[in-house]
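Reader: I am new to this structure and would like to know what lies behind the terms used for it. Please show it first.

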Amino acid sequence: MVIWIYGLSGSGKTTLAGKLYEELIRDHPRLILLDGEDLRRVFPLIGYDETGRENIGRIKVRLAALLAAQGCDLILTGVSWRSTDVLLVPGYLDVFLDIPVEECRRRDPKGLYASGDPNVIGVDLEFQRPRHPWLTISAGGQGLGIQYCVDLVLVALNAEKEWVA
């Protein structure tokens, strides 16, 4: 099982992934949570420009493929998954947090939008919306609540025949 949670900065990826991890770890003891920010701490020299983002995306996808091939289940987060290398991870399930940039800017947990950084996806760099994500959670400006979002993912997972425990 590989679940890829993505959306703009401030959309709730890390929060959703953490709560989802808490729910799934009992039944999936080889579950690994790999948050995009954690990966950035491992590779601190990779920048946030277009090239840096592509490189960190490739690393993440190849690491996911390696771990999945060894029988690990994964939850990954990141702003984007557009690296074509994602095809290396068979059967991944992508969860798109479709939160408007205005709401993400209002939340701004890391101060990214207020920083004036010229490499903010959705503001300065193009955010490529997915064509057909496995699951889209769209909150508009209204808070759905984290448990509601976790439950949406769990219901969808249970509907996937190969994931029923």
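Reader: In which helix does glutamate 103 lie?

Author: In this predicted model, glutamate 103 is part of helix H4, residues 101–107.

Reader: Why is glutamate 103 called buried?

Author: Its relative accessibility is 9%. Buried means under 20%, so glutamate 103 counts as buried.

Reader: What makes the pair of glutamate 103 and arginine 106 a polar contact?

Author: The two side chains come to 2.6 Å of each other in this contact. The cut-off is a pair of N or O atoms within 3.5 Å, so the pair counts as a polar contact.

Reader: How do you know that strand S4 pairs with S5?

Author: Pairing needs at least two bridges. Four bridges join S4, residues 93–98, to S5, so the two strands count as a pair.

Reader: What is the order of the strands in the open sheet?

Author: The five strands follow the order S2-S3-S1-S4-S5, with parallel pairing.

Reader: Why is one side of S2 and of S5 left without a neighbour in the sheet?

Author: S2 (31–34) and S5 (135–138) are at the edges and each has a single partner strand, so one side of each has no neighbour there. Neighbouring strands of the sheet are turned by 15° against each other on average, direction ignored.

Reader: Which strands does helix H5 lie across?

Author: Helix H5, residues 146–159, lies across S1, S4 and S5, at about 160° to S5. Helix H1, residues 13–24, lies across S1, S2, S3, S4 and S5, and runs at about 160° to S1.

Conventions
Residues are numbered from 1 along each chain as its sequence is written. This is a predicted model: local features need pLDDT of at least 70, side-chain atom pairs count only at pLDDT 80 or more; totals for chains, interfaces and linings use all residues. Side-chain values use heavy atoms; hydrogens and water are left out. Axes are lines fitted to C-alpha atoms, for helices over the stretch in contact, and angles run from 0 to 180 degrees between N-to-C directions. Contact means heavy atoms within 4.5 Å. Buried means under 20% relative accessible area, exposed over 50%, partly exposed in between (1.4 Å probe, protein chains only). A polar contact is a pair of N or O atoms within 3.5 Å; within protein, one must be able to donate a hydrogen and the other to accept it, and residues adjacent in sequence count only if both atoms are side-chain atoms.
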